[in-house]
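Trainee: Please show me how to read some features of a protein model, one at a time. I would like the general idea, then the case at hand.

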Amino acid sequence: SSSLIIPHESSKEGVIIVGQKQITYYNGDLSTAKTIPMENKVILCSGQVDDQRFLLGDERGVLWLLTLQQNDTGSNDVCGIELEAMGSGPIPSTVTYIAEGIVFIGTQYGDSSLIQLSEQYNKEKNSYIQSNTDF
């Protein structure tokens with residue numbers, strides 16, 4: 001079952017379908033599908049970073065980065081999907097990428113947060129989240 005549908009506008013009508021056990025990308029004419037399995041989770045919301053990257057928030061408060069891998073031919077053809085955990089925070093009801101690694105995480109279950117994502121993984125924190133401001 002699908003819990004979230006995300007339009008991929010740069011591919012002219014492509015769509016990302018998020019289920020509890022897999023994520024599937026379909027191109028605009030539904031002739032090409034790329035699927036990756038994932039452990040059982042409920043994705044609650046998404047926010048677009050750029051044409052290839054999307055932030056997803058799950059029911060445990062984990063923030064995920066979904067990356068659509070594209071061919072090097074200069075076309076917008078998607079050749080794969082990658083999913084990487086960025087870190088944990090509040091259980092999100094909305095995720096909005098603002099700019100330069102700043103992300104707003106809105107929640108109904110406590111304080112909302114502004115977080116700063118780092119390009120470097122912090123092994124001590126087990127996270128890409130550099131800083132967190134609750135309000």
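Mentor: Start with pockets, which are found on a 1 Å grid over the protein atoms alone: a pocket is an open set of points with protein on both sides within 12 Å along at least five of seven lines, and lining residues have an atom within 4 Å of a point. This is a predicted model, in which local features need pLDDT of at least 70 and side-chain atom pairs count only at pLDDT 80 or more, while totals for chains, interfaces and linings use all residues. Residues are numbered from 1 along each chain as its sequence is written, and side-chain values use heavy atoms, with hydrogens and water left out.

Trainee: Which residues line the largest pocket?

Mentor: The lining consists of Val49, Arg53, Leu55, Leu65, Met86, Tyr97, Gly101, Leu117, Ser118, Glu119 and Tyr128. The volume of this pocket, the space filled by probe spheres set on the points, is about 260 Å³. By class, seven lining residues are nonpolar, two are polar and two are charged; Tyr counts as nonpolar here, and Gly as polar.

Trainee: Which strand gives the largest share of that lining?

Mentor: A strand is a DSSP run of E, at least two residues long, numbered from the N terminus. Strand β11 gives the largest share, three residues. Both β6 (53-58) and β11 (113-122) supply at least two lining residues each.

Trainee: How many aromatic pairs are there?

Mentor: Rings of Phe, Tyr and Trp pair if their centres lie within 6.5 Å, and planes over 60 degrees apart count as edge-to-face. The count here is one aromatic pair. Tyr121 and Tyr128 form it, edge-to-face, with 5.2 Å centre to centre and 65° between the planes.

Trainee: Is Tyr128 buried or exposed?

Mentor: Buried means under 20% relative accessible area, exposed means over 50%, and partly exposed lies in between, using a 1.4 Å probe and protein chains only. Tyr128 is buried because its relative accessibility is 14%.

Trainee: Where is Val78, and what does Val78 touch?

Mentor: Val78 is in strand β8 (residues 78-88). At 7% relative accessibility, Val78 is buried. Contact means heavy atoms within 4.5 Å. Not counting residues up to four places away in sequence, Val78 touches His8, Tyr25, Lys34, Leu68, Gln69 and Gln70.

Trainee: Which strands does β2 pair with?

Mentor: Two strands pair if DSSP finds at least two bridges between them. Strand β2 (residues 14-19) is joined to β1 (residues 2-8) by six bridges, antiparallel, with Ile5 opposite Ile17. Strand β2 also pairs with β3 (residues 22-26), again antiparallel, over four bridges, and Val15 stands opposite Tyr26. A hairpin of two residues links β2 to β3. Five of the six residues of β2 are buried.

Trainee: Which loop holds Asn40?

Mentor: Asn40 is in the loop between β4 (33-37) and β5 (43-48). Leaving aside neighbours within four places in sequence, Asn40 is in contact with Gln20 and Lys21.

Technical notes. 1 Å grid on protein atoms, 1.4 Å probe; cavity = no way out; pocket = protein on both sides within 12 Å on 5 of 7 lines; lining within 4 Å. Phe/Tyr/Trp six-rings, centres within 6.5 Å; stacked < 30°, edge-to-face > 60°.
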